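Here is a short report on a protein model.

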Number of protein chains: 2
Amino acid sequence: MTTTLERDGLEIQITPDGPIVMIGEKINPTGHKKLSEALKNRNFDYVRTLAERQLEAGAHVLDVNASIPDVDETRLLPEVVKIVADHVQAPLCIDSNSFDALEAALKVCPGKPLVNSVNGEQNKLQRVLPLVRDRGAAVIGLTMDDSGIPTTAEKRLEIAELILNRAVKIGIPPEDVVIDPLVLTVGADQQAAVTTLATIRLVREKLGVNINLGASNVSFGLPDRQTINQAFLALSFSAGATCVITDPGKLAGTILASDLLFGRDPYGKRFLAHVRRTLKAK
Amino acid sequence: MTTTLERDGLEIQITPDGPIVMIGEKINPTGHKKLSEALKNRNFDYVRTLAERQLEAGAHVLDVNASIPDVDETRLLPEVVKIVADHVQAPLCIDSNSFDALEAALKVCPGKPLVNSVNGEQNKLQRVLPLVRDRGAAVIGLTMDDSGIPTTAEKRLEIAELILNRAVKIGIPPEDVVIDPLVLTVGADQQAAVTTLATIRLVREKLGVNINLGASNVSFGLPDRQTINQAFLALSFSAGATCVITDPGKLAGTILASDLLFGRDPYGKRFLAHVRRTLKAK
């Protein structure tokens, strides 16, 4: 199944045949004081810089989140979406927990974006899926529901199935649902990565949809996170992940190396271009 | 199946349940001028240093190779094996293309070593396997034969099967045969890693034996080899590799991160100890 995002004629396809699609995660003020301050002060140059840098580092899609405590997200998110969209040509991934902010941002977002995210909570299913359908967007479905994040792959598959069925029922094409099996830190639960990898395999096998991963949670609270994240990314691609929300400045090398090793990078052109770019930047 | 190596009561088990066994590759003068000169001058202190360093960096087993052009390997290899065995307590992996050198080294090597290597060539099968059996050693079987290295996983499996059958027929227990599916550089052949990963899966599924990998060939001739090697190691563990000949100073982090992610490192003890050691060494 192929999920196609689009922006002014530029199509980005998420597909099991690869290459792995990188969604740049840096335009997100959560835990990012500098960006948070810049957004509060309506200094959007820093947002433009983050957008440019991530595309240069290899991102195909940019996640845009504007959630800051005590700031009106319904006004801010569409504004940031417009700033980014006016500055660079890439499909966007609109990231919010607020229905109103999502709705407002989707109105101003050009092309066919990805919505981040719905999950198995009844409230989310009822309110987010119609927004996605009416806008003709694609959507990330997180495998959690009103009871939290299940500890088994089978239960996570059930939630993925529920989200997919509900989406299809209201008229969203199945290929526009991308499942995110969620990963918690192995610092707290030894089986955290095992469960996520098993969920990826199950969802790929049973539902055939694309799989997104926010991979860096896996190493939260641990030292040398880069090495753990690199290993986890490769393991998740091997299990069937097709798309990843990440910092391309840190992990593009591993993602492009994986594509190269999967035989999806003829003559290593993309990997070699990345290495040249990295050397130049140093 | 579990392959057990032994040295003075210290057992190292290679098993699909992990942890991944690291065989340190650094005691090998091929392309290593400093070691080559040291060995020629019978300056064995450097060999002792390499042995120590690799064990500190996480190696479980040490590969010992003493092949230098115009030097009598049949005399040198057993000498180096004794030097290493007298200095550190770890099972050894005796690495030579010379039957006489292997035979002489196996005589002086303590414990139960690994022999590196036999392959599907008739001459090798006839001469190396009896040495392995008579010494009660384990052996690495490379999936190549008199016609070279096959380009398909199915043909490599056939060679693995041939080696295993011949070993068992003369009285070597099947668990003492570790198959190395070989990897060539993706710089020359886009499908090189894909074929190796497919071979790992096939051999694990059909023969159930342990799989060793000399992983760093995969990036030969390419820049940023470390990133490619890291990704390839994780992919190969995901496919079923259980043992790897590598430079633990460079790749122990990725190997230990993989064990952590596979849920084989309770409380991350081994990974955290590795990070502390690395920080101290800096």
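Val178(B) has Asn210(B) as its bridge partner in S9(B). This is a predicted model. The pairing belongs to strands S8 (residues 177–180) and S9 (residues 210–213) of chain B, which run parallel and are joined by 2 bridges. Both strands are part of a closed barrel of 8 strands in chain B, ordered S3-S4-S5-S6-S7-S8-S9-S10, with parallel pairing. From one strand to the next, the twist averages 30°. Helix H3 (residues 73–87) of chain B packs on this sheet. H3 of chain B touches strands S3 (21–27), S4 (61–65) and S5 (92–95), and its direction makes about 170° with that of S5(B).

Chain A has a barrel as well. Its 8 strands close in the order S3-S4-S5-S6-S7-S8-S9-S10, again with parallel pairing. Neighbouring strands are turned by 30° against each other on average, direction ignored. Leu142(A) has Asp180(A) as its bridge partner in S8(A). Helix H3 (residues 73–87) of chain A packs on the sheet, in contact with S3, S4 and S5 of chain A. Helix H5 (residues 122–135) of chain A lies across S6 and S7 of chain A, running at about 160° to S6(A).

| Strand pair | Sense | Bridges |
|---|---|---|
| S1(B) and S2(B) | antiparallel | 5 bridges |
| S8(B) and S9(B) | parallel | 2 bridges |

The antiparallel pair in the table joins strand S1 (residues 3–7) to strand S2 (residues 10–14) of chain B. Thr3(B) has Ile14(B) as its bridge partner in S2(B). The hairpin leaves 2 residues between the strands, and Asp8(B) takes a positive phi near 45° there.

How are the two chains related? A rotation of 180° with 0.0 Å of shift along its axis superposes chain B on chain A, at an RMSD of 0.0 Å. That is the relation of a two-fold axis. Of the interface residues of chain B, 100% are also interface residues in chain A, so the copies meet through the same surface.

The interface puts 33 residues of chain B in contact with 33 residues of chain A. About 2,600 Å² is buried between the chains, and carbon and sulfur atoms give 74% of that area. In chain B, Gln190(B), Leu235(B) and Leu261(B) lose the most area to chain A, together 26% of what that side buries. Between the chains, the count is 0 salt bridges. Polar contact is found for 1 residue pair, with both residues at pLDDT 80 or more. Four helices of chain B each supply at least two residues to the side that touches chain A: H7 (192–207), H8 (225–239), H9 (248–261) and H10 (269–281). H8(B) gives the most to that side, with 8 residues.

Over all chains, the whole structure holds 19 salt bridges. One of them pairs Asp176(A) with Lys112(A), whose closest N and O atoms are 2.8 Å apart. Asp176(A) sits in the loop between helix H6 (153–169) and strand S8 (177–180) of chain A, and Lys112(A) in the loop between helix H4 (99–108) and strand S6 (114–119) of chain A, so the pair ties together parts that are 64 residues apart in sequence.

Terms used:
Residues are numbered from 1 along each chain as its sequence is written. Chains are lettered from A and ligands numbered from 1 in the order in which they are written. This is a predicted model: local features need pLDDT of at least 70, side-chain atom pairs count only at pLDDT 80 or more; totals for chains, interfaces and linings use all residues. Side-chain values use heavy atoms; hydrogens and water are left out. Two strands pair if DSSP finds at least two bridges between them. Axes are lines fitted to C-alpha atoms, for helices over the stretch in contact, and angles run from 0 to 180 degrees between N-to-C directions. Contact means heavy atoms within 4.5 Å. Copies are superposed by least squares on the C-alpha atoms of residues with pLDDT of at least 70 in both. Buried area is the accessible area (1.4 Å probe) that two parts lose on being put together, summed over both. A salt bridge is a side-chain nitrogen of Lys or Arg within 4 Å of a carboxyl oxygen of Asp or Glu. A polar contact is a pair of N or O atoms within 3.5 Å; within protein, one must be able to donate a hydrogen and the other to accept it, and residues adjacent in sequence count only if both atoms are side-chain atoms.
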